[in-house]
Amino acid sequence: MLWVAIIGLIMTAVAVTLAARRVLFLYRLATIGPAAPERIEYARKNVGEEIKAQLVEVLGQRKLLKWTASGVAHAFVMWAFLILATVYLEAYGSLIQGAVTGTPDFHIPLIGTWAVLGFLQDFIAVAAFLGLVAFAVIRIKNSPKRLGRKSRFSGSHLGGAWLVLFMIFNVIWTMLLFRGAAINTGNLPYASGAFASEGVAALLKPLGASANEVIEHVGLLLHIGVMLVFLVIVVNSKHLHIFTAPLNVMFSRRPDGMGAAQPMRIDGKIVDFEDEDLDGDRLGRGKIEDTTWKGFLDFYTCTECGRCQDQCPAWNTDKPLSPKMLILEQRDHAFKIAPYLMATEEQRADLHEDVLSLLNKPLVGEDGVIHPDVLWSCTNCGACVEQCPVDIEHIDHILDMRRYQVMVESNFPSEAGVMVKNLENKGNPWGMSEMKRADWIEELASRDDPIEIQLIDEKMPEDTEYLFWVGCAGALEDRAKKTTKAVAELLHIAGVKFAVLGPMEACTGDPARRLGMEFLFDMLAKQNIETLNEAGVKKIVATCPHCFNTLANEYPQLGGTFEVVHHTQLLAKLVDEGKLVPVIPIEEKITYHDPCFLGRHNKVYSQPRDIMAKVPGVQTQEMHRHKDRGFCCGAGGARMWMEERLGKRINTERVDEALTTDPDTISTACPFCLVMLGDSINEKKSSGEAKETLEVVDVSQLLIKSIKGQPVGAS
C-alpha cells in the first residue's frame with residue numbers, strides 16, 4: 001500500500017499546486033480594480049442575514065428550484081459535492097492508513113461506521129448520476145444548433161459544460177468501483193446502507209480476493225485522481241462558481257441587486273460632485289480595470305446557464321443584448337489582458353503583441369468589448385438579476401459603463417440628449433413649463449362635481465397625512481393624467497388628507513440616473529429632498545413606480561428618508577378597511593401587466609391584483625409571463641426617451657402576449673407602461689389585430705369606475 005500512498009500524495013501535491021497558482025492569479029486580477037468596502041461592511045454588520053442567504057440561496061437552491069426539472073437535478077449534483085466530500089475524506093484516510101498499517105480500513109471518527117452515512121453517500125451519488133442524465137437531456141433538447149438564439153445556452157462555452165458532466169460521471173463510477181471492491185476485501189466501514197456499492201461488490205466478487213484488492217487500490221487512486229483533475233479544470237473554467245457562488249451571494253446586495261441603483265464610487269468612496277478635486281475622467285467604468293472586485297466575482301461566478309438571457313426582453317425581441325454575454329465578454333477580455341494588468345512596467349515591454357493590441361480596444365465601442373447597441377438596449381427591468389441563481393448584478397455593470405459613456409465620453413443616443421436638456425432646463429423630460437404641473441388640478445376643480453386639491457405653499461398643512469407625488473408623466477402626459485385624477489378622487493372619497501407640490505415638484509431624476517447621467521440625478525434629487533424637507537413631508541404616495549423606487553430606495557442615499565407607498569398599496573389598504581367600496585360590476589375580462597419597477601424591483605405583486613379581485617364582475621386572466629417573470633413594456637432604463645430601432649418593439653411583444661388572453665381591458669399600475677402598451681394597442685387596432693374596444697387603464701381607473709359607475713373625467 002505504500003506505493004499507492006506515494007502516488008496519491010504526489011498527484012495531490014501537483015494538482016493542489018496548479019489549483020493554488022490559478023486561485024492566486026484570480027485573486028490578483030480581481031483586486032486590481034477599485035475596492036468595494038460597502039460590500040464587506042454590510043456582510044460584517046448583517047451576519048444573520050448572510051447566514052440565511054447561504055442557507056436559502058446556496059444550500060436551499062431557492063432560485064434554481066423555480067426551474068423545477070433542472071433545479072432538482074442541480075440540487076442533487078450540488079449536494080453530491082458536499083456529501084461526497086466525506087467519501088474523499090475516507091479515501092485519503094484509507095490511503096494514509098494503508099501506507100502506515102497495511103490495512104486501508106479507515107473510517108471517520110464517531111460517524112464513520114454509521115449505516116445512514118453510507119446510505120447517504122450512495123444515494124446522493126445515484127441521484128447525482130440521474131441529475132447528469134437530466135442535464136444531458138436538457139442540453140440536447142435546448143442545443144443552440146437546434147434552437148439558435150432561442151436557446152438559453154446560445155453563446156455559452158458548451159464544450160466545457162460537457163467536460164464537467166463527464167468528470168462528475170467519473171467521480172461517481174470510480175467511487176462505486178473502489179467502494180465495491182472494498183466491501184469484498186472487508187475494508188468498507190459500513191456493514192449496511194451503501195446499497196449501490198453493495199451492488200457493484202456483487203458484480204466484482206466472482207473475480208476473487210486478489211483481484212478485488214488490486215481493484216480497490218487502483219479504484220482508490222482513480223477516484224482521487226479524477227477529483228484532482230476535476231479541481232484543476234474547475235478553477236480554470238466556468239465551473240469556478242462551485243467555489244465562488246457562496247462568496248458572490250455573501251457579498252451581493254440584500255434582499256437582491258435591484259431596487260436602488262448604487263451610488264457612483266471612485267476608489268470605494270461615494271463621489272461628491274461638489275468636490276473641486278474630483279477626477280472627471282474616472283467616473284463610471286471606462287476600462288476593465290475600473291471594475292470592482294465584486295464585479296470580478298460576478299465574472300468568475302457566471303455559470304453560463306442562460307436564465308438571464310432567456311428572460312431578457314431585449315434578447316427576446318432580437319436585440320443584441322444578452323445579460324449573460326455582457327458578463328462573459330468582460331470576463332474573457334479581462335483574462336486576455338490580465339498579463340498586462342498584472343505585469344510590472346519592465347515586464348510590459350516584453351509582452352506578446354496579442355496582449356498589447358488589446359490596450360487600444362475600448363470597453364464600449366463599435367469595435368469594443370461591448371457594442372453600444374448592447375449597452376443601450378437595456379431597460380433595467382431586472383429580469384436578469386431576478387433569475388440569476390448566483391446573484392450576479394447585471395444592472396450594476398450596465399449602469400457603470402453607461403455612466404462613463406455619458407459623463408466622460410458624451411456618447412449616448414442623441415434623442416436621450418433632448419431628454420437630458422429638458423431635465424436640466426425645465427425639470428421634466430418633456431421640457432414643458434413647470435406651471436403645467438397644476439393643469440390637472442384645475443381640471444378637477446372645474447368639473448360638475450369639483451374636487452379641491454390642496455396645493456402646498458411652503459409647509460404641509462398639519463392635518464395632511466400624505467404628500468401625493470404626481471410625477472412628470474402623471475402631471476404632463478394626458479393618458480397618465482387620468483390615473484392622477486382617479487387616485488386623487490379615490491383618496492378624496494376615502495377621506496385621506498393629502499396635498500401636492502404642483503410647480504415645486506421636479507423630476508425625481510430616475511431617467512437621468514438610469515441613462516448614466518449621475519450628476520444630473522444628484523442635482524435633481526438634492527433639489528427635491530430640500531423641497532420635501534422644507535415642506536415637512538414625512539409620508540409620500542406615488543403613482544409612478546419609477547418615482548416610487550427613486551423616492552423610497554435612492555433618496556436615502558442622499559439623506560432624504562421618507563415613508564413612501566405606491567398608490568396601489570394605499571388603495572388596496574383603503575379597500576380592505578372599507579373606506580373604498582367597489583359596488584358597480586365591471587363585466588370584463590382583464591389581464592394585468594406587472595410594471596418592472598413595481599414588481600421585480602420592489603416586490604409589489606399582490607396589491608394591484610387584490611384591488612381587481614374586489615371589483616365585482618371582473619374576470620382576471622394572467623399572461624404567461626407575469627409577476628417575477630413578467631415581461632417589460634420597454635420604457636425603463638431611460639428607454640422611454642430613446643428610439644427602438646433594433647428587432648421587434650418590446651411593447652409590441654408584450655401586447656401580443658396580452659392579446660393571447662383575449663382581454664377586454666389590459667390593466668397596469670405605471671404611467672410608462674400605460675403609454676407604451678397604449679401605443680402598441682393603437683397600432684394593433686389600426687391593423688385590425690385588436691378589437692376597437694380594447695384599452696389599457698390603470699388599476700385605479702377600474703376602481704373609480706366601480707365606485708362611481710363612470711370613468712374619472714367623464715363628466
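This is a predicted model: local features need pLDDT of at least 70, side-chain atom pairs count only at pLDDT 80 or more; totals for chains, interfaces and linings use all residues.
Let me start with the backbone. Most peptide bonds are trans, and most residues other than glycine have a negative phi.

First, a peptide bond. R254 and P255 are joined in cis, with omega at about 5°. Where does P255 sit? P255 is in the loop that runs between α11 (241-250) and β1 (265-266).

Next, phi. Q61 is not a glycine, yet its phi is positive, near 55°. You will find Q61 in the loop between α3 (47-59) and α4 (68-83). Is Q61 buried or exposed? Its relative accessibility is 5%, so Q61 counts as buried. The cut-off for buried is under 20%.

Now go to D391. Again we have a residue that is not a glycine, and again phi is positive, at about 60°. D391 belongs to the loop between α19 (383-387) and α20 (394-407). D391 has 8% relative accessibility, and therefore it counts as buried.

Rolling a probe the size of a water molecule over the atoms shows where empty space is left. How many cavities of 30 Å³ or more does the model have? The count is eight. I will take two of them.

The largest cavity holds about 120 Å³ of space. Its lining is made of 19 residues. Nearest the centre of the largest cavity are C472, A473, C544, C547 and F672. Four helices each give at least two residues to this lining: α23 (472-476), α25 (510-515), α27 (545-554) and α31 (671-686). Which helix has the largest share? That is α23, with three residues. By class, the lining of the largest cavity has 14 nonpolar residues, four polar and one charged.

Now the second largest cavity. Its volume is about 100 Å³. Residues lining the second largest cavity include E90, S94, P104 and F106. Also among them are F178, R179 and A182, then N187, L188 and P189, and finally E216 and L220. At least two residues each come from α5 (85-101), α8 (158-185) and α10 (209-235). The top contributor to the second largest cavity is α8, with three residues. The classes here are seven nonpolar, two polar and three charged.

How values were computed:
Residues are numbered from 1 along each chain as its sequence is written. Side-chain values use heavy atoms; hydrogens and water are left out. Buried means under 20% relative accessible area, exposed over 50%, partly exposed in between (1.4 Å probe, protein chains only). On a 1 Å grid over the protein atoms alone, a cavity is a set of points where a 1.4 Å probe fits but cannot get out, and a pocket is an open set with protein on both sides within 12 Å along at least five of seven lines; lining residues have an atom within 4 Å of a point. Grid points are joined across faces, edges and corners, and a volume is the space filled by probe spheres set on the points. Ala, Val, Leu, Ile, Met, Phe, Trp, Tyr, Cys and Pro count as nonpolar, Asp, Glu, Lys and Arg as charged, and the others, Gly among them, as polar.
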